[in-house]
Amino acid sequence: MNLLKKVFIALGSMDRRFIFLLVALSVLFPKLYPDLFTLPIKPSSHSQRVFDEIDTLKENSKVLVSFEYGPSTKPEIHPSAIALLNHLFSKNIKVYAVALWPDGNFMATEAFSQVADKYEKKYGVDYVNLGYKPGGEAVVKGLASDIRTMYTVDLLGNDIDSIEMMKDVTNLLDLDFIFSLSAGYPGSKEWVQFACDPLGIPMSTGCTSIQVTDIIPYVANNQIKGILSGMPGAAEYEQLVRNALDARGVMVEPGKASINMAAQSMAHIVIVLLIILGNITYYLTRKSGKKGGVQ
Amino acid sequence: MFLKRQMPVIIAISVGLFILFGHFINIAPVQQFVNNDATQWFDIIASFAIFLGALNMLKLQVLKVVKKQRNWQYSILAIVGFAFAIFAGFFFRGANYITLSDIDPNNVNQLVEYISTVQEVKDTALMVKGIESSLASYEIPKIFISKSSAEDFAILVSGLAKNVTLGVKPWGAHVQIEGSLFSWMFFKIFTPLSSTMFALLAFFVASASYRAFRIRNFEATLLLVAGIILMIGRVPIGEFIPWWVVSTLIVFGIGALIAPMIPDKKILFGLIVTGIVLSSVLGIIFDWSLAINTPGILSIPNISEWIFDYPTAAGSRAIMIGIALGIIATSFRIILGIERPF
Amino acid sequence: MNNKLLAISGIASIIILIYWGTFGLWFVTGNAPAFVGVIIVSSTIFYYIDAAKSGKEIYLRPISGLKAIEEAVGRATEMGKSVLFVPGISDMDQVDTVAGINILSHVAEITAKYETDLNVPTCRAIVMESAREACRESYLRAGRPDLYYDDMVHYISDDQFAYAAGVNGIMIREKPAACFYQGKFYAESLLLAETGNSIGAIQIAGTGSASQIPFFVTACDYTLIGEEFFAASAYLSNKPELIGSIKGQDIVKFMVMLLMTSVFVLDTVRQMGLFDFNILTFLGLS
């Protein structure tokens, strides 16, 4: 019994680098041996809501997709972007891309290059990338009143009036849906506060897990129709899109978020076990009056 | 003295009041200024101000190298990185492209073959289709960083079309276009570095949780339990936690809550065991092992979703309201000139 | 009811009446709840600022994080190490950054008095300039302008994680004994706080970013949560007008709570069919 106590106390005082190693291994093994760690993904009500909202849109609807994330949050949000574009393009919905972050331009370009060709979508006819504009909520307000006050050319320098799909779009009211892929400020909150709620345009969002607590009040109030929370939300949405497109005979590769969920699951399990271990050690050391803890 | 002390206060008060009440005033120029111009002025000032910051950073790094202060070698990296980004953004476009006019339809497959030597072609048939639909004028999808590599490729494909033109993407677009030098720098250097820094969070969350999530008091225990439920519930593995594990944990939790009220530990133990047995029997009778029969409260993902939708949303709202009021009060003090951080 | 309160209420009512009367003419329609809110909040805060300036005693509950500021700087002085102040990653258009700069001026005054090194890495050039002005003024106020030099406030990078990497590097190389994180933070908050924890620094954080508060609470010794952060400058300066605005803010919060409760009760009663009046429509919320 004493030996067991000593073992627990020793484990509870381990160097933080050992914790880092455990977390690294918990992420590495599922990536190296994915077949051993296949987990079914069950969509949550929020992800299901996002899917349903997009799925009810008709052919030739106009959807604005706003890219507000960068390379650091790409693993969490980019899979949502890819799944979203797959969903939109498969339904022949017109996509208008903007970016409130400078990095969003690169993310948008990459997402379109990954998806557009598969559905034979033509730039300027089926999708357009208007690019980044600085100003945060001022850009959102500008788009709400008149897109041409914000954008006179698209990302590639083409005159906006020469783009076929921009002809009958004056402001956000001409669009049917807004989707914000957001990692911070400016992001989903600005879209809700300055465009979607005042103008009554339906909106969904895919954001980082950290941001979910900020956004969830808007989801609860029905100001945002569903939320894809971080990588789990992205994986759930990928699953839903894949199932829907499979049923329509469109082959879609497994998304990156779905592939990475096993690694995330293992990491979470390891962290929970470490917390439990830490508490056992805390309880034992409190009883015996010794010191323990992360060094 | 007036310019340094009173002038900034006058500007802050007048612009602050103008923007605040301009939001409500129905005069087009005022609305235009409040909604667009004011933010654009700020963006212009911030854009020019970046020179101050960049020069300051460069000055400090150069001084470190010149004076050979501790770890000066890392400053060389900082200076080289800075110079490279400036070079790729402002001096070297690295975005050369080739346009073919009047392509011979018999040469389309050959053209696709040549393109596949410089760029990965995922769907050959799709590319052939794309070229065949634009035989009059087709832009090779590959962007060449150097003019010489573009020229070499142009020579290679010159026999396949009547006209081969070399072009360079305009300044500005060269930063965004995939394949340009700046884009290469962004995706091959900046993206991995940013992702690495963000990935550090995973490790730090683990060590912070290990250190901080201790059962010290009721609130800390609540935090610990909610944290564990959310961590397990948000990942697919949460679906695999069987109902009887959850029901046992709930019984233990109730036991922990009522423990202070029951001095006799034997009675407490008996109650807990009874609770576990009762919940297990109920589970067997109602066949809770079937997903459709499992009550929501015995599913970790459902509990996790409930925590998100109700306590988290409520707490988040309360903090948002508090922070918003704090912002209002601080803004009010700045607008009235009571607080002068500038 | 005192005369000042009557006067302020009177002026506020007249402004609201003018707004109501000239709806669509001078004023934009659809913003009525916001306008009335602005007038009521402004009047309340203004009344209490005036009351505090007139000498009324206002009680503010003690905030341990603010009391610990001087202790933290003192600790750094004793250990012969520097103080690190991180004013967040946003620009001066965010009120959090402004509040952070206010706290910086107080910290700078203490470091000037104690002759402790102060290091302020910034993420934005405009914040760098504002922080320099704040520090210069503080050192002047403390009677030690000779100790101030421009490079104590320096720029690292506009990029979030490049900035976090730079600050982490400073922490690991220079090992400051006290770290202050006061401003707007995003995902880098835990990176900074954990690194500060690993070097054994005393850490005091404050932010208006609700999602980052849990990370700071976990990793830092003291955290100013929500409004405490915005109230910090009032606490530290002890100026009556600033303290009065805190009281006004609290009264406004009380009004918001009353409004929420009334809306909840009235709407519940209406949904039960006992009452016909729709408070949500009246307030323009539906």
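Figure 1. With a relative accessible area of 3%, B:F24 is buried. The model shown here and in the legends that follow is predicted. Why does C:F35 count as buried? Its relative accessible area is 2%, and buried means under 20%.

**Figure 2. The interface of chain C with chain B.** Now let us step back to the wider contact region. On the chain C side 70 residues are in contact, and they meet 55 residues of chain B. Together the two chains bury about 5000 Å², and carbon and sulfur atoms carry 70% of that area. How many residue pairs are in polar contact between chain C and chain B? The count is 7, with both residues of each pair at pLDDT 80 or more. Helix α5 (residues 125–141) of chain C gives the largest share of the side that touches chain B, namely 10 residues. Sorted by class, that side of chain C holds 38 nonpolar, 15 polar and 17 charged residues.

**Figure 3. A salt bridge from C:D151 to B:K59.** Between chain C and chain B the count of salt bridges is 2. In one of them, C:D151 pairs with B:K59, and the closest N and O atoms are 3.2 Å apart.

**Figure 4. An aromatic cluster in chain A.** Over all chains, the structure holds 35 aromatic pairs. Which residues of chain A are linked into a cluster by ring pairs? They are A:F67, A:Y69, A:F89, A:F112, A:Y119, A:Y123 and A:Y127.

**Figure 5. A cis peptide bond at A:P186.** Most peptide bonds are trans. The bond that joins A:Y185 and A:P186 is cis, with omega about -15°. As for its setting, A:P186 is found in the loop between β4 (177–182) and α8 (188–199) of chain A.

Figure 6. Most residues other than glycine have a negative phi. A:E120 is not a glycine, yet its phi is positive, about 55°. You will find A:E120 in the loop between α5 (102–115) and β3 (127–132) of chain A, and its 48% relative accessibility makes it partly exposed. C:K175, also not a glycine, has a positive phi of about 45°. The loop that holds C:K175 runs between α6 (160–174) and β4 (178–184) of chain C. With a relative accessible area of 36%, C:K175 is partly exposed.

**Figure 7. The fold of chain C around these views.** Chain C has 11 helices and 6 strands, and its C-alpha trace spans about 70 × 40 × 35 Å along the principal axes. Of the 286 residues in chain C, 55% are buried. Among contacts in chain C with a separation of 6 or more, 67% involve residues 24 or more positions apart.

Conventions: Residues numbered from 1 in each chain as written. Chains lettered and ligands numbered in written order. Predicted model: local features only at pLDDT ≥ 70, side-chain atom pairs only at ≥ 80, totals over all residues. Heavy atoms only, no water. Contact = heavy atoms within 4.5 Å. Buried area = accessible area lost by both parts, 1.4 Å probe. Salt bridge = Lys/Arg side-chain N within 4 Å of Asp/Glu carboxyl O. Polar contact = N/O pair within 3.5 Å; in protein donor to acceptor, adjacent residues only side chain to side chain. Helix = DSSP H or I, 4+ residues; strand = E, 2+ residues; numbered from the N terminus. Nonpolar A, V, L, I, M, F, W, Y, C, P; charged D, E, K, R; others polar. Phe/Tyr/Trp six-rings, centres within 6.5 Å; stacked < 30°, edge-to-face > 60°. Buried < 20%, exposed > 50% of the residue type's maximum accessible area, 1.4 Å probe, protein only.
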